[in-house]
Amino acid sequence: MAFFTYIVASGRNGTIYVGSTDDLVTRVNQHKNKTFCGFTAKYGVDRLVWYEVFDSREAAFKRERRIKKWNRVWKLDLIEKANPGWDDLHERLRLGDLVDVKDWAPPVEEG
């Protein structure tokens, strides 16, 4: 099982939130749908801009706590190095190795 430390943002250089989870796709969906009233829902923080994968919950949580203690400039630098365009990585993560939505459907046999 994989565990994740992640950063979601409201936009480029906007409000950011650091968290950890064992189901990143579901957790980001919760941020996007504002499932829980709280910081990320209040400030529109729902764009997945950075994440790391760990083998244990403890390692992911430890990394989360470490990053939360960093100053803002260090956090922004972490994002910029991995994702200079501040792209929302959620769709890429959700689709995995599939290149396009058409890859979800089986090919149509001709003939």
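These questions and answers walk through salt bridges and nonpolar cores in a predicted model.

Trainee: How many salt bridges does the count come to?
Mentor: Side chains of opposite charge can pair when their charged atoms come close. The cut-off is a Lys or Arg side-chain nitrogen within 4 Å of an Asp or Glu carboxyl oxygen. By this rule the count comes to seven.

Trainee: Which residue forms a salt bridge with Asp88?
Mentor: Asp88 sits in the loop between α4 (72-82) and α5 (90-95). Its partner lies in helix α1 (residues 24-32), 56 residues apart, so the pair links distant parts of the chain. The N to O distance is 2.6 Å, and the partner is Lys32.

Trainee: Is Lys32 buried, partly exposed or exposed?
Mentor: Buried means under 20% relative accessible area, and exposed means over 50%. Lys32 has 28%, so Lys32 is partly exposed.

Trainee: Which residue forms a salt bridge with Glu52?
Mentor: Glu52 is in strand β3 (residues 47-54), and its partner is in helix α3, eleven residues apart. The closest N and O atoms are 2.9 Å apart, and the partner is Arg63.

Trainee: Is Arg63 buried or exposed?
Mentor: The cut-off for buried is under 20% relative accessible area. Arg63 has 14% relative accessibility, so Arg63 counts as buried.

Trainee: What is the N to O distance between Asp87 and Arg92?
Mentor: Asp87 is partly exposed at 38% relative accessible area. Arg92 counts as exposed at 54%. Their side chains meet in a salt bridge, N to O, at 4.0 Å.

Trainee: How far apart are Glu58 and Phe3 in space, C-alpha to C-alpha?
Mentor: Glu58 lies in helix α3 (residues 57-69). Glu58 is exposed, with a relative accessible area of 65%. Glu58 and Phe3 are 55 residues apart in sequence, but in space the C-alpha to C-alpha distance is 8.8 Å.

Trainee: How many residues are in the second, separate core?
Mentor: Phe4, Val8, Val45 and Leu89 are among its members. The second core has a total of eight residues.

Trainee: Which Glu does Trp86 touch?
Mentor: Trp86 belongs to the largest nonpolar core. Residues up to four places away in sequence are not counted. Its contacts include Ala9, Arg12, Asn13, Arg47 and Glu80.

Note on methods: Residues are numbered from 1 along each chain as its sequence is written. This is a predicted model: local features need pLDDT of at least 70, side-chain atom pairs count only at pLDDT 80 or more; totals for chains, interfaces and linings use all residues. Side-chain values use heavy atoms; hydrogens and water are left out. Helices (H or I, at least four residues) and strands (E, at least two) are DSSP runs, numbered from the N terminus. Buried means under 20% relative accessible area, exposed over 50%, partly exposed in between (1.4 Å probe, protein chains only). A nonpolar core is a set of buried Ala, Val, Leu, Ile, Met, Phe, Trp, Tyr and Cys residues joined through side-chain atoms within 4.5 Å. Contact means heavy atoms within 4.5 Å.
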